[in-house]
Amino acid sequence: MTVLVLGGAGYVGSHAVDMLIKKGYDVAVVDNLVTGHREAVPSTVRFYEGDVRDRAFMEKVFTIEKNIEGLMHFCAYSLVGESMQRPAMYFDNNVGGCITILEMMEQFNVKHIVFSSTAATFGVPEESPISEKTPQNPINPYGESKLIMEKMMKWQSEATDMTYVALRYFNVAGAAGDGHIGEAHKNETHLIPIILQVALGKRDQITIYGDDYKTEDGTCVRDYIDMEDLINAHIKALEYLKAGGMSDQFNLGSSHGYSNLEVLETARKVTGKEIPSQMGERRPGDPDSLVADSTKAGEILDWHVAHDLEHIIENAWKWHSSHPDGY
Ligand code: UDP
């Protein structure tokens, strides 16, 4: 039986492929290589280059891959700032892709899907930590597109016999323990990779966006989740669905928040580099603090975080220092 990984050449998807193979799963990958990297997927893996919105292409893939036991769905645009500039592009790719995927599942009788959702579906949360009961009120098109996808899956699961798990990621970071794959975006916007690019001398300094937030040191607080912990949650979710588990949603974080300055200090410790920094203006749309309550994933999926921020940055550093120019 095969796990079809949609978006398997991207940052999170490529780590899922890597861990699924190591655990003995048969894996096939779909990716349009717009943001993904062919080099991130082993050449031995069956690879279909194309777009999930392309119905004819998807029918071909599902016809060839006859034994799909489940999908992992990682192919979506995921930058908040970009989504504010180009909402239609986000809804087209994210929601449009989801339509075809659900149609294919129905047409080819594929029963299970594990789907990457996001803490951005919560917007500026009314409470912290954020549990699955916290109301979802996205404040940008990215979060809105993912919330729509969650709802599409819910209605589809009620109408057919497919089941899904939506995993709402908090701040994913880190890389495979041996540093052979990692985070490589064309225009990097995320805190940890930018800090490590400064450590490598590829940038002069890191600008911390704002120190007047309602947090202990005034900088934003985020909940960082290690890549390996994150992929483990996907595998546990797939096994849960295969065992007959009901469709559900889970918030995935470490339940521990780190301020931007704490992240910077940890990176200085891990890399042994000075990492020059300056304080800058706030970045629009940043909530003060986003921390997950992942109790439910512990109770239902038996998922528990094994790695802390230092481990996350150690693995990210292995990747960045061995691949300073990405793939
Ligand atoms: N951040 C920063 N400088 C940067 C990039 C990010 O201070 O060059 C801050 C950002 O404002 C936020 C935190 O780091 O408070 C995490 O941002 P990131 O873009 O990594 O993830 P997000 O929380 O937006 O998903």
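Entry 1: I began at Val3, which stands opposite Val27 in β2. I take strands (E, at least two residues) and helices (H or I, at least four) as DSSP runs, numbered from the N terminus. Two strands count as paired if DSSP finds at least two bridges between them. β1 (residues 2–6) and β2 pair in the parallel sense over 5 bridges. Next I checked cover on β2 (residues 26–31): 5 of its 6 residues are buried. For burial I count other C-beta atoms within 10 Å of a residue's own: 20 or more is buried, 12 or fewer is exposed, in between is partly exposed, with C-beta atoms placed from the backbone.

**Ground rules.** This is a predicted model; local features need pLDDT of at least 70, side-chain atom pairs count only at pLDDT 80 or more, and totals for chains, interfaces and linings use all residues. Residues are numbered from 1 along each chain as its sequence is written.

**Entry 2: strand β8.** Which residues of β8 are covered, and which uncovered? I found Ile206 and Ile208 on the covered face, Thr207 and Tyr209 on the uncovered one. In a regular strand the side chains alternate between the two faces of the sheet. β8 (residues 206–209) runs parallel to β13 (residues 277–280), and 4 bridges join them. Thr207 has Gln278 of β13 as its bridge partner.

Entry 3: I looked up the order of an open sheet of 3 strands and got β12-β9-β14, with mixed pairing. β12 and β14 (289–290) are its edge strands, each pairing on one side only. β9 (residues 221–222) and β12 run antiparallel, with 2 bridges between them.

**Entry 4: the core.** A nonpolar core here is a set of buried Ala, Val, Leu, Ile, Met, Phe, Trp, Tyr and Cys residues joined through C-beta atoms within 7 Å. The largest one has 93 residues. Val5, Leu6, Val165, Leu167, Ile195 and Leu252 have the most contacts inside it. Helix α7 (residues 227–242) gives the largest share of this core, 8 residues. Domain 1 and domain 2 each supply at least three residues to the core. I then took Leu167 on its own. Contact means C-beta atoms, placed from the backbone, within 7 Å. Not counting residues up to four places away in sequence, Leu167 touches Val114, Phe115, Ser116, Ser117, Ala233, His234, Ala237, Phe250 and Leu252.

**Entry 5: domains.** The domain assignment gives domain 1 (2–173 + 224–252) and domain 2 (191–222 + 255–292 + 306–322). Such bounds come from an automatic or database domain assignment. The C-alpha centres of the two domains lie 26 Å apart. Their contact takes 18 residues from domain 1 and 16 residues from domain 2. On the domain 1 side, β7 (171–173), β10 (224–226), α7 and β11 (248–252) each supply at least two residues. That side divides into 11 nonpolar, 4 polar and 3 charged residues. In this tally Ala, Val, Leu, Ile, Met, Phe, Trp, Tyr, Cys and Pro are nonpolar, Asp, Glu, Lys and Arg are charged, and the others, Gly among them, are polar.

**Entry 6: Asp18.** Is Asp18 buried or exposed? Asp18 counts as buried because 23 other C-beta atoms lie within 10 Å. Asp18 sits in helix α1 (residues 11–22). Leaving aside neighbours within four places in sequence, Asp18 is in contact with Ala176 and Ile181.

Entry 7: Most residues other than glycine have a negative phi, and most peptide bonds are trans. I noted three exceptions.

- The peptide bond from Ser128 to Pro129 is cis, with omega near -5°. Pro129 is in the loop between β5 (112–118) and α5 (141–159).
- Ser255 has a positive phi, near 65°. Ser255 falls in the loop between β11 and β12 (258–259). Ser255 is partly exposed because it has 18 C-beta neighbours inside 10 Å.
- Asp302 also has a positive phi, near 55°. Asp302 lies in the loop between α9 (295–301) and α10 (309–322). Asp302 has 10 C-beta neighbours inside 10 Å, so I log Asp302 as exposed.

Technical notes: Two residues are in contact if their C-beta atoms, placed from the backbone, lie within 7 Å.
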